[in-house]
Protein chains: 2
Amino acid sequence: MRGPVTIGAADGTEQRDHPALGAVPAMLAGRVADALSQRWREDQQSLLASMCVHALVPSGKLFRPILLLESALAVGGDAEVVLPAAVGAECGHVASLVHDDIIDDDDLRRGRPSVQHKFGVDNAIVAGDALIFDLFAALAECRATGASTERIVAALEVVARCGIDLCRGQSLEAELCERMDFDLDAYLTMVRLKTAALFMGACKCGALLAGGDETMVGALGEYALNLGCAFQIHDDVLSYTRQTGELGKPDTSDIRNGRLTLPVILAYRAATPEGRLAITDVLAGDGDPVLRRAELVSILTRAGALTDAADTAREYSRKAIASLDALGPTASRDRLRGFAEAAVNRDR
Amino acid sequence: MRGPVTIGAADGTEQRDHPALGAVPAMLAGRVADALSQRWREDQQSLLASMCVHALVPSGKLFRPILLLESALAVGGDAEVVLPAAVGAECGHVASLVHDDIIDDDDLRRGRPSVQHKFGVDNAIVAGDALIFDLFAALAECRATGASTERIVAALEVVARCGIDLCRGQSLEAELCERMDFDLDAYLTMVRLKTAALFMGACKCGALLAGGDETMVGALGEYALNLGCAFQIHDDVLSYTRQTGELGKPDTSDIRNGRLTLPVILAYRAATPEGRLAITDVLAGDGDPVLRRAELVSILTRAGALTDAADTAREYSRKAIASLDALGPTASRDRLRGFAEAAVNRDR
């Protein structure tokens, strides 16, 4: 088994500093973080605003906003024009985290209580809804920063479709887990929808709003799709390799929710009938999740499934990087390439 | 106490036929219902599509889509241009119903199992999210039917803001119920946000997309705000006057959820300290909701609070009708006036 690897931050413990990603993304993240910290402040007396501020601030590593901004820059556009959309991308992402934490019954997020743990499930449902609407409110704000209405409507279409795809992915994941379906194609479809769709929404939205042509928008969409798959599959591997407790998000979440991840699917496909039974038993069991996780890690390690899954993630990362060839040479293109490398070279 | 009144259908038991509202709204509702019945059909094998179809079809009385379409007609616009947005208005409304039914633990909606009752809470959260995204996907479709991108972005802004207001209203309602706050102004703010905001979103969206000028859009917004308050307050009254079991939605929902409605607030304000204690006891109690509802109805009737609340609803209805004076005379304006009358003259 390959050991945990190097830089970056996982989705669960997102951080604002980007030591490995350089000064420009850190500056862009700072702009987005400042805007997020002002958002929902005007009526902070209200329960809804308190929940939204709790969910948004302090912000995570802001990967989706940075992707959106770098995509705008990579097509020769202006980051200022698309800044509200970048803020919106984070609102949409955080909305999905708020609802995910209800579904997964996770009490911690980014090292602090999840919204449903602090405010209750009912209120957290409403907070997530508000953040979805806020994503679209933010998109409309790009009119004031100079995006054409033609471009905003094109972005609206992309973002709405990607949001629906995200839901399709979450729902498909529930279906696959429910019926213990170890089908590889179904899993890959699920990852494309659940994780890669929002990455694609961010990149295409940034490129569209910034005036990118069809080729550029297509290339960045292709990049984001592959990056999202690389990111999610690497996350799948990390959920078994990183140490319990080093994360804001408890890393027994996958085992508690019986999640079918790529290492599990690969191990299952290669297993004997007895081996398959052992995998389904540990996934469907109701014993201590920490012990069940340890048993599953042992099975996956013996099968070489963690290594194989990590290889698959790297393959997607390579495809993401290749997609960037259709763009002209810019510092943003180089940084987007760096993100694809970092996505499969991080240990949390 | 004033007895139950005449025409129309309540939010809970929405029906497609509009015998009292005339042929044009019925035709418009038919167009929207047909479009809704086609929506989400393409991948109906999936869990998500099954849930969305279950929630959307057969459709309810489609009041918000009709408001949107009539608003477009009332400013001299073309219903065909705004039809996708009307479909979107229903998607947004149904999204809020799907999430409301989770929050209120209601098992029935429109005479059939609520989404969370049939598919589970986790899946229902995702289905509601998808329908919010679909609202915006539908709005973007107005580009293909001939709306200018300038108008679509203006509508996007209004719809996103109204969606946030809806969430503010739901969250404020939870706060007021939680702390048993009988403040009248806070209640009226909550109604404006929770119910009237989506009505306003529908009317302003229709008027904007159809090319209405600022005066027209403002007048229709004012109309919708007052109509929404009239509608919600009349609903508050109906929840105590209509008979158990005649509804798709069980009408013990308000009492089970300790909801602070206008009749309760008016009775509380006029009550002696002992009377107030009786009201808080019945609201916060955990006995049989049917018995508690009967006791509350008795208190409200003796206090004259149901009559007073019905009068308040009629006052809002009159204000809604007066707002329409700023529009030129059209058949749609007459029908919008009729809706405001019908909103406070329905017995379910």
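In this predicted model, B:Thr280 sits in helix α12 of chain B, which spans residues 273–284. The residue counts as buried because its relative accessibility is 19%, and the cut-off for that class is under 20%. Leaving aside residues up to four places away in sequence, B:Thr280 touches B:Met180, B:Phe182 and B:Tyr268.

From this site within chain B, the account turns to the boundary with chain A. Contacts there involve 45 residues of chain B and 45 residues of chain A. The size of an interface is often given as the accessible area lost when the parts come together. For chain B and chain A, that buried area is about 4,000 Å², with 69% of it on carbon and sulfur atoms. On the side of chain B, B:Phe133, B:Arg143 and B:Val153 supply 16% of the area buried against chain A, more than any other three residues.

Eleven residue pairs are in polar contact across it, both residues being at pLDDT 80 or more. Helices α2 (47–56), α4 (79–103), α6 (121–140) and α7 (149–178) of chain B each supply at least two residues of the side that touches chain A. Of these, α7(B) gives the most, with 18 residues. By class, the residues on that side of chain B divide into 24 nonpolar, eight polar and 13 charged.

The salt bridges between chain B and chain A number four. One of them joins the side chains of B:Arg143 and A:Glu150, at 2.3 Å from N to O. In another, B:Glu141 meets A:Arg161 at 3.5 Å, N to O. This pair runs from the loop between α6 and α7 of chain B to helix α7 (residues 149–178) of chain A. Both partners are partly exposed: B:Glu141 has a relative accessible area of 27%, and A:Arg161 has a relative accessibility of 38%.

Over all chains, the count comes to 38 salt bridges. Within chain B, B:Glu173 pairs with B:Lys194, the closest N and O atoms being 3.3 Å apart. Because B:Glu173 lies in helix α7 and B:Lys194 in helix α8 (residues 184–209), the pair ties together parts of chain B that are 21 residues apart in sequence. B:Glu173 is buried, with a relative accessible area of 9%.

B:Glu315 is partly exposed at 36% relative accessible area, as is B:Arg318 at 49%.

How values were computed:
Residues are numbered from 1 along each chain as its sequence is written. Chains are lettered from A and ligands numbered from 1 in the order in which they are written. This is a predicted model: local features need pLDDT of at least 70, side-chain atom pairs count only at pLDDT 80 or more; totals for chains, interfaces and linings use all residues. Side-chain values use heavy atoms; hydrogens and water are left out. Contact means heavy atoms within 4.5 Å. Buried area is the accessible area (1.4 Å probe) that two parts lose on being put together, summed over both. A polar contact is a pair of N or O atoms within 3.5 Å; within protein, one must be able to donate a hydrogen and the other to accept it, and residues adjacent in sequence count only if both atoms are side-chain atoms. Helices (H or I, at least four residues) and strands (E, at least two) are DSSP runs, numbered from the N terminus. Ala, Val, Leu, Ile, Met, Phe, Trp, Tyr, Cys and Pro count as nonpolar, Asp, Glu, Lys and Arg as charged, and the others, Gly among them, as polar. Buried means under 20% relative accessible area, exposed over 50%, partly exposed in between (1.4 Å probe, protein chains only).
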